[in-house]
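Hi everyone, thanks for coming along. Let me put the structure up on the screen, and then we'll walk through it together.

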Amino acid sequence: MNKAIATVARTNEILKKFDLYAKKGYGQNFIIEPGIVEKIADFAKCDNECVIEIGPGIGALTEQLCKRAKKVIAYEIDTRLLEVLPYSLSEYNNYEIRHQDFLEVDFEEVVKECRKEFNKVVVCANLPYYITTPILFKIFESKCEVDSITVMVQREVADRFCANISTKDYNALSVITQYLYNVKMVMKIPKTIFNPRPNVDSAVIQFTKKEHKITVDNEQVYFDFVKACFKQRRKTLFNNLKEIIQDNNKIREILTQCNLSETVRAEAIDGAKFIELYTMWSNL
Ligand code: SAM
């Protein structure tokens, strides 16, 4: 049996054999700490189910997913890795590498395809940091919900997704994601466990389906409303609302009805209150 891919020795052996170097442009940082990939795969809770991975790299996390899941579908953009992965993952036969830019994938179709065979479909990945938010929003906005999303992202991005009200990281992204999902910080990761070593620390976060969420009539319009409320962070909510409501008296009326003062900032408003504000605004 081979050593785990996520070890210094095996990673170096694979990189050397294929004369491979990490491409910065593709956000390539390979994990070289076996305990970490094992934990991420455990958190994904994919035993005997189907996992969609974005960016398998040389297979460090894919290997652990293959050990647990029944099927792993992994999207990889880098052509060079197409000959590496069959070698590094030669002990497994329950994976499929799809050579595609994930941002071009018809994600709803893929989830539908997985659901034909499996009860549970989860996403698990160490994401390329240059496109973390577009990837996550592609998944969030798809009509087919996955059961959970467990991803490694830059620490500061993780902080924003998980941020609580009235903290420096709380912003439109926090409000929108927490409307859609339960978000949890699962693990903080130092930059020392990667080859090459990135400049920033990372974290693993997990999004799980909200079973009983209070819904709004039009999610896209609601998300745009929240973004408008946070448009200029240092400004009051009143001033940000001026961009979308021309009549100041109407803004005062909405704020009063929501029990909010004229000096309040968006960062002091929780998700439920945003929905209340949005509903008042859309009924104007
Ligand atoms: N999973 C490996 C690990 O944890 O060691 C590698 C993770 S590395 C941070 C990100 C991976 O995403 C790379 O393999 C990179 O080539 C791939 N990638 C980058 N952009 C992509 C895209 N648009 N679609 C699919 N894969 C992409």
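How many nonpolar, polar and charged residues are there in the lining of the largest pocket? By class there are five nonpolar, four polar and three charged residues. In that count Ala, Val, Leu, Ile, Met, Phe, Trp, Tyr, Cys and Pro are nonpolar, Asp, Glu, Lys and Arg are charged, and the others, Gly among them, are polar.

Before going on, a word on what we're looking at. This is a predicted model, where local features need pLDDT of at least 70 and side-chain atom pairs count only at pLDDT 80 or more, while totals for chains, interfaces and linings use all residues. Residues are numbered from 1 along each chain as its sequence is written, and side-chain values use heavy atoms, with hydrogens and water left out.

Back to the pocket. The largest one holds about 290 Å³ of space, and its lining includes K23, K24, Y129, Y130 and R197. On a 1 Å grid over the protein atoms alone, a pocket is an open set of points with protein on both sides within 12 Å along at least five of seven lines, a cavity is a set where a 1.4 Å probe fits but cannot get out, and lining residues have an atom within 4 Å of a point. Grid points are joined across faces, edges and corners, and the volume is the space filled by probe spheres set on them.

Of its 31 lining residues, I54, G55, E76, N126 and P128 lie nearest the centre. Strands β1 (30-31), β2 and β3 and helix α3 each give two or more residues to that lining. Helices (H or I, at least four residues) and strands (E, at least two) are DSSP runs, numbered from the N terminus.

Now, β3. Six of the six residues of this strand, 71-76, are buried, so β3 is largely enclosed by the rest of the structure. Buried means under 20% relative accessible area, exposed over 50%, and partly exposed in between, with a 1.4 Å probe and protein chains only. K71, I73 and Y75 cover one side, and V72, A74 and E76 the other. In a regular strand the side chains alternate between the two faces of the sheet.

What does β3 pair with? Five bridges join it to β2 (residues 50-54) in parallel, and β4 (residues 95-99) also pairs with it in the parallel sense over five bridges. Pairing requires that DSSP finds at least two bridges between the strands. Y75 stands opposite R98 in β4. From β3 the chain goes through helix α4 (residues 81-88) to β4 in a right-handed β-α-β crossover; that is, with the strands pointing away from the viewer, the path from the first strand over the helix to the second runs clockwise.

Last stop, salt bridges: there are 15, each a side-chain nitrogen of Lys or Arg within 4 Å of a carboxyl oxygen of Asp or Glu. R68 and D42 meet in one, at 2.8 Å from N to O. R68 sits in α3 and D42 in α2 (residues 34-43), so the pair ties together parts 26 residues apart in sequence. R68 counts as buried at 16% relative accessibility, whereas D42 is partly exposed at 45%.
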